[in-house]
Amino acid sequence: MDGHFFFYLLNPAVGLLLMTAFLTLWHFQRERRYIAIAALGYGFSAAGFLIQDVLPNIEASPNRTISNLCFLLAASSLAVAILSRYDLPTPFRWLAGILAVGMGVFCWFLYVDPDLTVRIYAISFTLGTVALFVAVRLKTVQKPRFIDKILFAVCILSAANFILRPIIIFSYVGHFETYDDFQHSIYWTTVQVTQTLISVMIAFNLMVAVALDHMSDLKQESQIDRLSGLFNRRGFEERAAEVLDGSARHVRPVAMLLADLDRFKLVNDTYGHAAGDQVIASFGKLLRESASGEMIAGRIGGEEFAVLMPGSNTASARLFAEALRVSLNAAAIPGLPEDVRITASFGVCASTFGEDLSVLLRQADAAMYGAKRKGRDRVNVSAGKPVEIISNAIRPV
């Protein structure tokens with residue numbers, strides 16, 4: 001046993017340590033499957049280096065086949081983990097094709113026409129292609145954060161390491177005649193060192209990403225009303241203020257809609273608070289399903305809801321409110337008798353350039369209470385004639 005043996009333990013130790021770290025993270029965040037996939041990748045990496053360097057008593061050819069297969073599986077697992085973290089689809093057929101070609105070339109030049117140099121190129125270029133593939137996919141991420149840019153750079157660095165390093169080193173030191181020469185060469189030393197660094201850099205970036213995702217979830221939970229599934233008042237005001245700032249910069253119209261459930265206290269008193277909660281949950285679901293991608297919907301009071309509509313004017317906001325009104329009338333609410341229908345009063349306004357959130361909320365609130373005064377179950381437009389659509393088939397509660 002010499003110094004090389006302990007040097008060869010470096011990558012297996014790093015791989016096992018990182019695998020353990022990711023498995024620990026996954027234990028506490030089971031919903032993030034990419035963490036478990038990353039752990040699997042580092043497990044494959046550790047196994048590959050153990051078989052390659054630490055278990056020389058295994059028959060040579062199977063040893064090299066299994067170890068290099070582990071390296072390719074490690075790279076593909078990390079690729080899937082990174083893409084999954086960004087909700088990017090993984091083209092498994094393409095990935096499997098890349099691995100099959102690389103492994104096929106490796107096996108041909110191991111069993112049929114032995115050539116150590118070609119085998120090195122086959123595995124290195126395959127690993128580089130996988131890293132480059134991930135980098136290309138990451139380039140499509142919308143609004144990347146700093147950590148996302150760092151991970152993209154690490155993928156580029158990894159691709160360059162696998163593709164350029166063997167070309168550069170072989171041009172200086174020449175090719176290897178025996179496998180023992182390869183394992184004691186400057187090339188294999190660079191493999192050990194660079195692989196350790198790249199493994200740690202990828203793991204560090206993924207762990208930071210996990211932490212950021214967790215903090216984002218905590219922030220979102222603090223801004224979400226659990227009963228309705230919409231933003232609470234704090235979350236609504238923060239998101240709405242951001243959208244209003246952007247709309248002001250780009251001179252885009254913005255409409256505001258307020259809705260208040262009619263006679264909600266009577267529902268609670270008559271049918272109980274559980275039924276009242278079902279009313280809130282049902283209307284929240286209706287808003288979530290009806291709102292488009294840019295709209296921001298929130299429950300800003302007990303039975304009061306707000307929707308900010310970027311790019312909309314009072315006409316389109318009125319139509320949206322009317323659609324909500326009709327859908328709510330037609331909805332059967334769990335916990336209420338079948339013949340009972342819930343109604344809501346709606347107030348709509350639109351911004352002129354420079355109005356802030358508080359002004360819009362006051363205008364929409366005034367319009368909404370105008371709808372209440374006119375008999376409820378209707379849409380009222382601020383600074384204009386209210387739209388009144390009254391259905392005799394609706395039974396108020």
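Reader: Which residue meets the side chain of arginine 299 in a salt bridge?

Author: This is a predicted model, in which local features need pLDDT of at least 70 and side-chain atom pairs count only at pLDDT 80 or more, while totals for chains, interfaces and linings use all residues. Residues are numbered from 1 along each chain as its sequence is written, and side-chain values use heavy atoms, with hydrogens and water left out. A salt bridge here is a side-chain nitrogen of Lys or Arg within 4 Å of a carboxyl oxygen of Asp or Glu. At 3.3 Å, N to O, the partner of arginine 299 is aspartate 225.

Reader: How many residues apart in sequence are the parts that arginine 299 and aspartate 225 tie together?

Author: Helices (H or I, at least four residues) and strands (E, at least two) are DSSP runs, numbered from the N terminus. Arginine 299 lies in strand β2 (residues 296–299) and aspartate 225 in the loop between α9 (186–223) and α10 (233–249), so the parts that the pair ties together are apart in sequence by 74 residues.

Reader: Is arginine 299 buried or exposed?

Author: Buried means under 20% relative accessible area, exposed over 50%, and partly exposed in between (1.4 Å probe, protein chains only). Aspartate 225, at 15% relative accessibility, counts as buried, and arginine 299, with a relative accessible area of 17%, is likewise buried.

Reader: What separates glutamate 237 and arginine 233 in helix α10?

Author: The side chains of these two residues, glutamate 237 and arginine 233, meet in a salt bridge at 3.0 Å, N to O. Glutamate 237 and arginine 233 are 4 residues apart in helix α10, which means a separation of about one helical turn.
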